[in-house]
Amino acid sequence: MKKFFYTLASMMVVAVAITAIAGNNYMPHVYINPGHGGHDSDDRNVVIYPFAAGDTSGYWESNSNLKKGFALNNCLRAKGYTTSMSRVANQTANDLPLSTIVALCNSSGADIFYSIHSNATGVPARRNHILALYRGPTGSPVVANSDVLALNLVQRLQVNAAAVWTSNYQIAGDFTFYPDWNNAGLGVLRGNQAVSMLSEGSFHDYIPETYRLMNDNYCWMEGWNFSLGADDYFGYSFFGKGAVAGNIRDNRMPRVINDFIMFGDDNREPVSNATVILMDMNDTPLDTCYTDNMYNGIYAFKMLDPGNYKIMVEQEHYFSQTKEVTIQANHSSYCNFDLARVRETPPEIINYSPVWHEGDAPLKANTPVVFEFNWDMNTEATEAAFHIEPAVEGHFRWEDSNYRMVFEPNDAYDINTLYTVTLDTTAEHGGGMRMQEPFTLQFKTTYRKYLEVIDIFPHQGDEVHYKNAIIELRTDSMLNNSYYYDKIVLTDKDGNALTYNRRNTKTGKNTDPFGFIRIPVASTMTPGEEYTLTIYKEMSDTAGIHLPETIVNKFTAVDAGEEKPETTVIEDFENASTFSVADVSANTEVALSASTDRLFGSKSLQIKINDPLSLEAGIYSTSFDDAIINGNEELSLHVNGDMSNLYLKMHLRSTDESQEDAYIDFGKIDFHGWRYITGKGNLNPNKTYKIVMIETDSDEDDPIWSATIKLDNLLKGQKTAIQGDVNGDGLVTAADITELYNYLLNNDDSHIVNGDQTGDGIITAADITAVYGVLLGPSNVAPAIDPVPEPAANSSIKVGPIPSSDYIMASAASYIMGVELYDMSGNLVARNGGNYMNVGSMRDGHYILKVYTGNEISTHHVAVKH
Amino acid sequence: MWAWAMVAGAQQVTVTSTTPLLRDIEPAFYPTLSPSGDRLLYSDVDARGLKMLDLGTHAVTTISEQTGAGFDAKWSNDGQVYYITSKVDEKSRLVFRTGMRYDLKRQASDVVLEAQHGAVHLETGTQGMAMNGESHTFATAPKRGVSVYTTGSQLVVNVDGKESRYSPVESYAGYLWSSVSPAGDKIAFYAAGRGIVVTTLQGKVLAELGNYEMPCWYNNDYLVAQNASDDGYQYTSSQILLLKADGTSRHELTPKTSMTMQPTAGGGKIVYTTIDGNLTMITLDINE
């Protein structure tokens with residue numbers, strides 16, 4: 001029987017050997033810093049099943065760092081090194097300040113310093129590789145040989161074949177690794193006089209790696225590999241022991257818990273609770289270990305004598321497997337196992353959908369076909385055995401570790417069509433056995449294929465008040481209430497997504513006449529700038545029916561309340577008590593009230609109308625009596641709309657004896673938020689008018705029977721000529737050509753406001769041609785844009801204090817590379833390669849602080865006040 | 001700059017002057033004031049090299065350009081400068097440390113402790129100086145009044161040539177930054193994970209002042225210290241505190257956001273730096 005445990009005698013031999021090899025009486029002293037500690041705010045907790053956030057039994061970086069540190073400490077001491085550790089427990093008090101760790105290391109007389117960490121991306125993207133950093137520019141460490149120490153370590157860590165690496169190791173001086181670092185450096189390397197480095201051994205937010213880091217043997221192997229890196233650095237090879245570890249996985253079945261990103265072999269199910277037996281070449285058992293139940297499949301045998309061994313793996317649901325492995329002194333060996341499950345019966349479909357029979361109601365045009373099997377299936381063979389008639393392009397999705405197959409049409413099935421689906425007997429399970437009988441199902445589709453848009457706000461080319469904007473999508477059926485924020489995206493001219501007030505988002509209910517999502521925009525827009533509303537094709541209703549194509553509407557932000565020169569306020573709507581309902585049908589409920597949601601003064605007038613048939617009403621104010629409008633003037637009104645499609649107009653009456661009625665049309669309230677509307681209508685320029693009332697109405701075909709709008713300042717001003725608007729209704733239409741034509745026929749100019757289009761002083765046929773040219777003007781066609789993702793809502797970066805008089809600090813879950821300060825005009829004011837900005841000499845005011853981590857750039861509004 | 005007046009307990013502490021040092025010349029770290037407060041030692045951010053600033057003439061003298069020279073440089077009671085340099089041996093790759101003394105009159109450094117492997121601890125005393133290495137040691141005299149240094153979790157106190165070792169409080173990671181009070185009757189040190197401890201010369205705990213770092217005697221009744229926090233990678237706040245040695249009061253000399261650190265005191269002055277190396281000297285008025 002081989003002797004595989006290290007003994008006191010072997011340690012004594014080691015001590016003698018190290019003395020002899022070093023050529024002196026000195027043994028290296030290693031300072032070990034297991035990073036973080038305390039399960040607190042500057043620790044790193046990754047929530048993995050079955051642990052809740054904050055559960056100290058779950059994954060914390062401080063736990064795995066400490067396990068690695070203990071292993072390294074024990075391995076080094078077994079080899080004759082002397083060591084110090086910055087912590088051996090995991091309370092907040094053990095998480096020592098950075099300057100203390102450095103001073104303790106220097107005080108200990110350490111030759112080398114290892115700071116043990118693991119990494120995280122801090123963003124949704126995932127990867128897994130080794131990063132080693134030392135202080136100084138790459139190739140020119142502040143403390144000589146720190147780069148060599150780092151290289152010796154990463155070469156030992158990279159051989160870990162129990163992990164899945166997404167790239168080779170990365171090693172750098174920290175000044176070079178972060179170009180704008182400005183020599184701020186990692187705190188535990190700053191001032192450290194030992195040959196020193198910080199290791200990010202793997203990525204603990206890559207969840208398969210997170211589960212591995214929960215395993216004691218896995219952490220032990222990393223600690224052991226650290227000790228081999230130290231041996232390499234000092235040129236030691238006398239220890240004479242080796243180790244073997246590996247990963248045990250199902251040979252084909254995908255992970256059961258799989259709601260995270262995986263690469264390579266990590267896609268397959270780790271085998272938990274396996275018994276792993278180390279044997280000599282005569283099959284004599286030497287040692288036994290077990291994989292845990294933490295979804296990692298890791299095993300290890302430690303401190304083995306060099307030689308050939310066999311390793312046998314047993315698990316009740318798998319065929320056992322044995323492999324030979326050679327252990328070398330001062331090396332780590334890795335031996336992974338891919339176990340085959342025991343599958344004793346042929347595959348069968350135990351459940352399926354849709355279940356449809358002739359005479360049943362037809363199915364929606366995107367109904368997936370689902371087969372559930374009694375075994376995990378060979379996906380390639382089973383997909384090849386799948387047939388659908390008439391043929392339709394689609395894709396397969398496998399769920400539940402290949403126990404469930406889902407077929408979905410890429411777009412939608414044809415409408416009103418009978419489909420036949422067959423799975424033939426070439427479908428086989430993971431063990432290679434085929435289905436004994438073919439399986440067939442049929443279903444018929446309905447008439448409906450796509451989600452239909454009723455309306456969208458903002459419309460293409462709209463002008464939208466820059467504050468408290470609301471966007472809305474209105475559809476012919478109830479929208480799917482899940483995950484729609486990533487399908488309806490509002491972006492500025494630079495493609496940055498605006499934020500939504502999600503709490504106040506409204507969605508349609510089954511009792512509503514249509515489906516809708518109405519989202520208040522939390523961001524304030526910049527007047528004059530263009531914005532883009534993109535609604536992606538994937539936006540779907542509760543039946544999963546999606547849009548036929550992505551919709552892109554561009555619009556411009558404006559200040560609806562900006563000053564209008566050369567106008568007079570003839571009604572400010574400040575006093576709601578002067579208004580009354582003048583004309584209303586029997587069923588209509590009209591409520592008038594003052595609202596603080598206003599553009600001017602302190603109040604606006606809110607008009608709330610309910611009516612099961614129409615929204616017809618008239619509203620009168622005593623203050624209207626004082627307002628005189630000349631026929632050559634135009635009226636403008638500030639309206640806060642609710643997209644109720646209410647029609648709004650002003651009823652006027654001439655002040656002469658004829659008392660001629662006239663109407664100024666403010667259009668359809670098919671928008672949200674404040675809007676400045678110039679009324680359209682044709683007053684006689686030779687007469688004066690008084691306001692009779694404000695009138696509302698609705699379209700009989702529009703299924704909205706309630707509206708709440710607000711009115712603010714009503715203005716009058718000289719009518720502005722619009723080129724081509726001959727009749728003065730505010731629009732350029734064929735009616736303007738007719739108006740000119742009638743003039744030429746009848747020489748009646750009573751309604752012609754702007755007839756001389758050519759400016760030649762007379763009205764002729766050439767003016768008709770000029771209006772025709774205006775009508776043919778360019779149309780606005782929105783170009784397609786690339787989808788813009790929403791920014792990470794859960795950014796960990798925090799900045800403060802605000803305001804600050806000396807330093808503004810940034811903190812984040814990952815390392816901060818640098819910060820930049822910009823003034824409000826976008827000019828770079830200062831840059832620093834650390835997590836702080838010295839603002840002691842900067843002028844008072846508002847600034848933008850840009851914070852750079854390895855994976856994220858965030859901007860923060862900050863202020864300086866001395 | 002801050003001009004704070006602080007009241008805590010029965011004292012009123014006022015910052016009476018604030019003087020920037022070495023601004024626009026170079027960043028400075030690891031400041032160490034001479035006992036008289038007329039000279040200041042400093043180094044670069046990585047403690048490479050050692051320089052001396054004459055606070056009267058503002059002249060700067062380079063004492064050493066060696067690695068590690070600035071990390072733990074100390075003044076002796078007779079006005080000499082002692083410091084330790086470190087070097088990685090190319091063959092064995094072990095770190096060797098050398099004890100140095102700078103003579104202000106000759107303006108030259110001498111080796112007082114040959115290069116050796118392992119820890120070398122500087123021992124400061126009221127009447128002398130020592131350097132304690134793992135292989136060999138140096139002392140200005142066998143009796144050095146009251147002197148102290150730390151090794152591991154031990155406080156080593158030497159009173160008139162008699163050495164005693166104490167472990168007044170538990171600290172797995174170890175003790176640091178020990179010093180004797182100006183009157184020679186108290187010792188202050190830092191216990192990792194626990195904070196600043198003040199003891200008698202016999203190691204009896206008189207007070208625990210809080211989990212702050214780098215204690216330094218301002219006078220026989222007060223110490224200055226650093227109160228810093230970090231996120232495991234970088235500092236997130238740092239300030240300078242004035243602590244009464246009996247533990248009865250604490251005054252914030254700078255705000256947490258100031259990123260001030262590495263305090264030193266001498267001759268009634270306090271000097272500290274910032275995370276980016278801006279040195280500042282202040283004076284106080286303490287109204288008891």
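View 1. Among contacts in chain B with a separation of 6 or more, 39% are between residues 24 or more positions apart; two residues are in contact if their C-beta atoms, placed from the backbone, lie within 7 Å. Residues are numbered from 1 along each chain as its sequence is written, with chains lettered from A and ligands numbered from 1 in the order in which they are written. This is a predicted model, in which local features need pLDDT of at least 70 and side-chain atom pairs count only at pLDDT 80 or more, while totals for chains, interfaces and linings use all residues.

View 2. Where pLDDT is low, the predicted coordinates should not be read in detail. For the complex, the predictor gives an ipTM of 0.95 and a pTM of 0.65.

**View 3. The contact between chain A and chain B.** Chain A brings 49 residues to the contact and chain B brings 37 residues. On the side of chain A that touches chain B, at least two residues each come from α3 (98-108), α7 (216-234), β46 (807-811) and β49 (836-838) of chain A, and the largest share, eight residues, comes from α3(A). By class, this side of chain A has 23 nonpolar, 21 polar and five charged residues (nonpolar: Ala, Val, Leu, Ile, Met, Phe, Trp, Tyr, Cys and Pro; charged: Asp, Glu, Lys and Arg; polar: the others, Gly among them).

View 4. In α3(A), 11 of its 11 residues are buried, including A:Leu98, A:Ile101 and A:Asn106, and the helix is followed by A:Gly109, whose phi is positive, near 75°. In α7(A), 17 of its 19 residues are buried, and A:Gly235, which follows this helix, likewise has a positive phi, near 75°.

**View 5. A six-stranded open sheet in chain A.** The strands follow the order β4-β1-β5-β8-β6-β7 (chain A), with mixed pairing, two strands being paired if DSSP finds at least two bridges between them. At the edges stand β4 (82-85) and β7 (170-173) of chain A, each of which pairs on one side only. Strand β1 (residues 29-34) of chain A runs parallel to β4(A) and is joined to it by four bridges; A:His29 has A:Thr82 of β4(A) as its bridge partner.

**View 6. A four-stranded open sheet in chain A.** Here the order is β25-β27-β30-β29 (chain A), and the pairing is antiparallel. The edge strands β25 (453-457) and β29 (506-507) of chain A each have a single partner strand, so one side of each is left without a neighbour in the sheet. Four bridges join β25(A) to the antiparallel strand β27 (residues 470-475) of chain A, in which A:Arg474 is the bridge partner of A:Asp455.

How values were computed:
Buried ≥ 20, exposed ≤ 12 C-beta atoms within 10 Å, placed from the backbone.
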